Amino acid sequence: MERHFHIEKPSDQDLFHGKSHDRVAEVIADTIQNSSSVRLIGIEGQLGAGKSTVINLTKSKLPRDEYHFIDYDAELHHHGESKKSLITVLHDSLLDLVGAESKQRLTEYRDTALGNTLSYTKKQKSKLSWWTV
């Protein structure tokens, strides 16, 4: 008796007969390339519905030298501090893309977003008494 196990891993190809994942990825890639007004694209679905597969297919349809994807899997970080992990993943991924002059500023932004920096303004009103002079 031969057994086949399902592997819970996103695919790089659409194995369904209707190619619906591939068609969705084509529309997303076209929107990214041709619509300057779109700033955010959300993909929603149940666990195992193929969201990550659609993202992989979309990546394959875009020129790698023009578009960069930052992968953040919220499911991997749901037990910890999701804000901290998201900011850290964004920071680490962007460090590879920016020039040396921007790396320090990017790190400062990360530290500010995480609350790692403290800044304050001190107002001091000093009076010098004529008796002291």
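## Overall fold

Helices (H or I, at least four residues) and strands (E, at least two) are DSSP runs, numbered from the N terminus. By that definition the protein chain has four helices and zero strands, in the order α-α-α-α along the sequence. Its radius of gyration, taken over C-alpha atoms, is 24 Å. Along the principal axes, the C-alpha atoms fill a box of roughly 100 × 40 × 25 Å.

A word on the source: this is a predicted model, in which local features need pLDDT of at least 70 and side-chain atom pairs count only at pLDDT 80 or more, while totals for chains, interfaces and linings use all residues. Residues are numbered from 1 along each chain as its sequence is written, and side-chain values use heavy atoms, with hydrogens and water left out.

## Surface and burial

The accessible surface comes to about 11900 Å² (Shrake-Rupley method, 1.4 Å probe; for residues, only the protein chains shown count as cover). Carbon and sulfur atoms hold 53% of that surface. Among contacts (heavy atoms within 4.5 Å) with a separation of 6 or more, 55% join residues 24 or more positions apart.

On the surface, V38, I41 and I43 form a nonpolar patch with about 190 Å² of accessible area together. Patches of this kind take residues with over 30% relative accessible area and no salt bridge, joining nonpolar side chains (Val, Leu, Ile, Met, Phe, Trp, Tyr) within 5 Å and like charges within 9 Å. I43 itself sits in the loop between α1 and α2 and is partly exposed, at 34% relative accessible area.

Helix α2 spans residues 51-61, and its buried residues are T53, V54, L57, T58 and K59. The cover over them includes α1 (20-34).

Salt bridges here pair a side-chain nitrogen of Lys or Arg with a carboxyl oxygen of Asp or Glu within 4 Å, and the count comes to four. One of them joins E26 and K61, with the closest N and O atoms 3.5 Å apart. That pair links distant parts of the chain, from E26 in helix α1 to K61 in helix α2, 35 residues apart. E26 is partly exposed at 44%, and K61 is also partly exposed, at 26%. Together with D22, E26 and K61 are linked in a salt-bridge network.

K59 forms a salt bridge with D71, the closest N and O atoms being 2.9 Å apart. Here helix α2 is linked to the loop between α2 and α3, across twelve residues. K59 is buried at 18% relative accessible area, whereas D71 is exposed at 51%.

## Around H91

H91 belongs to helix α3 (residues 82-95) and is buried, with a relative accessible area of 5%. Its side chain makes a polar contact with the side chain of D92 at 3.0 Å. Such a contact is a pair of N or O atoms within 3.5 Å; within protein, one must be able to donate a hydrogen and the other to accept it, and residues adjacent in sequence count only if both atoms are side-chain atoms.

Leaving aside residues up to four places away in sequence, H91 touches L106, T107 and R110. R110 is partly exposed at 23%, and its side chain meets that of D111 in a salt bridge (2.9 Å, N to O). D111 is buried, at 18% relative accessible area.

Note on methods: Buried < 20%, exposed > 50% of the residue type's maximum accessible area, 1.4 Å probe, protein only. Rg over C-alpha atoms; globule rule 2.2 N^0.38 Å.
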